[in-house]
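Here is my note on the model you asked about. Please read the numbered points with the structure open beside you.

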Amino acid sequence: MQEETTTQDLKDRLALIESMIAEGRRKTESWGWTFVLWGLAYYAAIAWSAWGHSAWAWPVTMIAAAILTIILVSARASHRPETTLGRAIGSIWIALGISMFLLFMPLGITGRLTDAHVFISVASAMLGMANATSAMALRWKAQFVSAVVWWAAAIAACFGTEEQAGIAFLIAIFFCQIVFGIYGMIREGRAKAQRGAAHA
Amino acid sequence: MPDLPELNPVIHGKLRLALLSLLATVEEAEFTWLRNKTGSTDGNLGAQLAKLEEAGYVQVEKKFVQRKPLTLYRMTDTGRTALTEYVQALKQLLGAAIDA
């Protein structure tokens, strides 16, 4: 048999084994719920800071949401093999979370985060960047639309009044977190049903 | 020069090799999942899985879930050993080809 098998054929077979192992490990990723969770966390923080006038509203809500996300992701990841793409996308969001925390927390503590326009513009632009990066890696047009909505909110916040900037932020959260998250969950559910199942 | 290993003819078929590689990553898999991952037709997939079952490399379980038939495939220990030996043989042959 070896005489008929060329070196290229042997390499192709090794590549086939590698690609099938990678394919087998690529399960339907379920991340839609995180968008909804963080959307609700943003709304909770906005409501608490607007009506409660507490400086702790944003840090407490964001830390609570981060802890809840870590617990839920860990519970799901324990029986789910990791893929390179999944790890890359996860890294984008983790890096975004750390960047936002390290930027906004000191600004809030030092009392320099007084201009709502700046906060909304910077936060929206950063969220737009993360969504766009993820959308390009996944080749997912719907997520790129989300990125565009965040960028539009960032620009609107620069030019509008404080009230208009707030409304733009609320609208962006609704479409890019709640609606996009629910859409993602529906899509993940459909994909799982269509593909059949494999149990790790 | 050491003797070169023979490649297992049961695993050597590309679709059968793909199926064993896929099954090596999961505990069990449905027929539809294997079909979608390999892009194979139902007839060809069924025939190749039957050959793997005949060789004792995969185990089949048929059951009904909510009145719908469900066929589950899982790799046996013999199948896992055979795939490991096949990969080792491939690497040995490639190494020999490079040295030649």
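**Notes on the two chains**

1. The crossing of helix 2 of chain B and helix 3 of chain B is right-handed; a crossing is left-handed if the near helix is turned anticlockwise from the far one by less than a right angle, and right-handed if clockwise. These helices, residues 14-23 and residues 31-38 of chain B, pack at an angle of about 120°, with axes 11 Å apart. Axes are lines fitted to C-alpha atoms, for helices over the stretch in contact, and angles run from 0 to 180 degrees between N-to-C directions. The angle makes helix 2 of chain B oblique to helix 3 of chain B. By definition, angles under 35 degrees are roughly parallel, over 145 roughly antiparallel, 65 to 115 roughly perpendicular, and the rest oblique.

2. Which residues make this contact? From helix 2 of chain B come Leu15(B), Ala18(B), Leu19(B) and Leu22(B), and from helix 3 of chain B come Leu34(B), Lys37(B) and Thr38(B). Two residues are in contact if their C-beta atoms, placed from the backbone, lie within 7 Å.

3. On provenance, this is a predicted model, in which local features need pLDDT of at least 70, side-chain atom pairs count only at pLDDT 80 or more, and totals for chains, interfaces and linings use all residues. Residues are numbered from 1 along each chain as its sequence is written, while chains are lettered from A and ligands numbered from 1 in the order in which they are written.

4. Chain B has 5 helices and 3 strands, in the order α-α-β-α-α-β-β-α from the N terminus. Helices (H or I, at least four residues) and strands (E, at least two) are DSSP runs, numbered from the N terminus. Of the 100 residues of chain B, 27% are buried. A residue is buried if 20 or more other C-beta atoms lie within 10 Å of its own, exposed if 12 or fewer, and partly exposed in between, with C-beta atoms placed from the backbone.

5. Chain A has 7 helices and 1 strand, and its elements run α-α-α-α-α-α-α-β from the N terminus. Buried residues make up 22% of its 200 residues. Among contacts in chain A between residues at least 6 apart in sequence, 69% join residues at least 24 apart; for chain B the figure is 58%.

6. Helix 5 (116-138) and helix 6 (141-159) of chain A have axes that come within 7 Å and cross at roughly 160°. They are therefore roughly antiparallel to each other, and their crossing is left-handed. Residues making the contact include Ser124(A), Leu127(A), Gly128(A) and Asn131(A) of helix 5 of chain A, and Ala147(A), Trp150(A) and Ala154(A) of helix 6 of chain A.

7. Helix 6 of chain A, with 19 residues, reaches 27 Å from its first C-alpha to its last, close to the 27 Å expected.

8. The buried residues of helix 6 of chain A include Trp150(A) and Ala153(A). Both are among the residues with the most contacts inside the largest nonpolar core, which has 26 residues. A nonpolar core is a set of buried Ala, Val, Leu, Ile, Met, Phe, Trp, Tyr and Cys residues joined through C-beta atoms within 7 Å. Helices 2, 3, 5, 6 and 7 of chain A each supply at least two residues of this core. A second, separate core of 25 residues includes Ile11(B), Leu23(B), Trp33(B) and Leu52(B).

9. Between helix 5 and helix 6 of chain A, Arg139(A) lies in the loop. Its phi is near 55°, a positive value in a residue other than glycine. Most residues other than glycine have a negative phi. Arg139(A) counts as exposed because it has 8 C-beta neighbours inside 10 Å.

10. Ile89(A) is found in helix 4 (residues 84-109) of chain A and is partly exposed, with 18 other C-beta atoms within 10 Å. Leaving aside neighbours within four places in sequence, Ile89(A) is in contact with Ser134(A), Ala137(A) and Leu138(A).

Key:
The expected span of a helix is 1.5 Å times one less than its number of residues.
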